[in-house]
Amino acid sequence: MTSGRDIGQTRSPNAAAPGFPARPAFGLWVRARAAVAFIACLTALGSLGSYAWRHRLQAAGLGAAPFTLDPAAWRAVRSVAASDDPSCRRAVPVVILYVSGSCSHCRAELARWSRLVRDRTGELRCTGLAVVAAQDGGVSSEAWLPAELASTLLWDHDRAVARALNVRLVPLAAYVTGNGVVIASVAGESSEASTKLRLRDLRRISDAGTGVH
């Protein structure tokens, strides 16, 4: 606040001493650090939100399971996904892995599936596997594909399978019953434990003959 004194006809304000002690510099330093930390948090949240938006899971692109695959796409998938186990029935369930050779997340997911095949995991018995990929830049190189999955590759030249699965994000794993019904579509990387659980569900549902025609 201010007080004043008259000098002739002019009133000149004088600064009055504050009624309380000035805050120490230490308090200002703490507040400054808090402000910097707050701004850093906002920046991190903004970056995380931006990443999530760029890699968002588009529900419209995944399709509402269960749904039946287009017959032409299903025939193409079955051409590479037949089981070679004579004890299995002909119409085995199939897992479709839709990937891109230039996608690092796709390669990590394929590595997990190749381990399941290599280890002969029981959940994969009597279940077909199809790795479906669209050409990147017109190049059909298969160097990115693990050897265990080489025989399961299907090039989706006309993107018929991508349209049938409504692919918008890769990697995408579609779990399909023996009669061509997609019971689950999972985008992104999955742990081996969660994959095994889905394989058990696929086998159970497929064996029960449930699904939509």
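Mentor: Start with one side chain. R118 is partly exposed, with a relative accessible area of 45%. Bear in mind that this is a predicted model.

Trainee: Which residue forms a salt bridge with R118?

Mentor: E148 does, and the closest N and O atoms are 3.0 Å apart. The two sit in distant parts of the chain, 30 residues apart: R118 is in helix α4, E148 in the loop between β5 and β6.

Trainee: And E148, is that buried, exposed or partly exposed?

Mentor: Partly exposed, at 30% relative accessibility.

Trainee: How many salt bridges does the structure hold?

Mentor: Six. One of them pairs E189 with R112, with the closest N and O atoms 2.7 Å apart. E189 lies in the loop between β8 and α6, and R112 in helix α4, so the pair ties together parts that are 77 residues apart in sequence. There is also a network here, linking E109, R112 and E189.

Trainee: What does E123 pair with?

Mentor: R200, with the closest N and O atoms 2.9 Å apart. E123 is in the loop between α4 and β5, while R200 is in helix α6.

Trainee: Is E123 buried or exposed?

Mentor: E123 counts as buried, at 17% relative accessibility.

Trainee: Switching topic. What order do the strands of the sheet take?

Mentor: The order is β3-β8-β7-β4-β5-β6, six strands in an open sheet with mixed pairing. β3 and β6 are the edge strands, each pairing on one side only.

Trainee: Which way do β5 and β6 run, parallel or antiparallel?

Mentor: Parallel, joined by three bridges. In one of these strands, β6, L154 is the bridge partner of V132.

Trainee: Where does helix α4 pack?

Mentor: On the sheet, touching β4, β5 and β7. Its direction makes about 150° with that of β4. Helix α3 lies across β4, β5, β6 and β7, at about 120° to β5.

Trainee: Why is β7 largely enclosed?

Mentor: Five of its five residues are buried, so the rest of the structure largely encloses β7. L172, A174 and V176 point one way, A173 and Y175 the other.

Trainee: What joins β7 to β4?

Mentor: Five bridges, with the strands antiparallel. A173 is the bridge partner of L97 there. β7 also pairs with β8, again in the antiparallel sense over five bridges.

Trainee: How many residues lie between the strands in the hairpin of β7 and β8?

Mentor: Four, and G180 takes a positive phi near 85° in that hairpin.

Note on methods. Residues are numbered from 1 along each chain as its sequence is written. This is a predicted model: local features need pLDDT of at least 70, side-chain atom pairs count only at pLDDT 80 or more; totals for chains, interfaces and linings use all residues. Side-chain values use heavy atoms; hydrogens and water are left out. Two strands pair if DSSP finds at least two bridges between them. Contact means heavy atoms within 4.5 Å. Axes are lines fitted to C-alpha atoms, for helices over the stretch in contact, and angles run from 0 to 180 degrees between N-to-C directions. Buried means under 20% relative accessible area, exposed over 50%, partly exposed in between (1.4 Å probe, protein chains only). A salt bridge is a side-chain nitrogen of Lys or Arg within 4 Å of a carboxyl oxygen of Asp or Glu.
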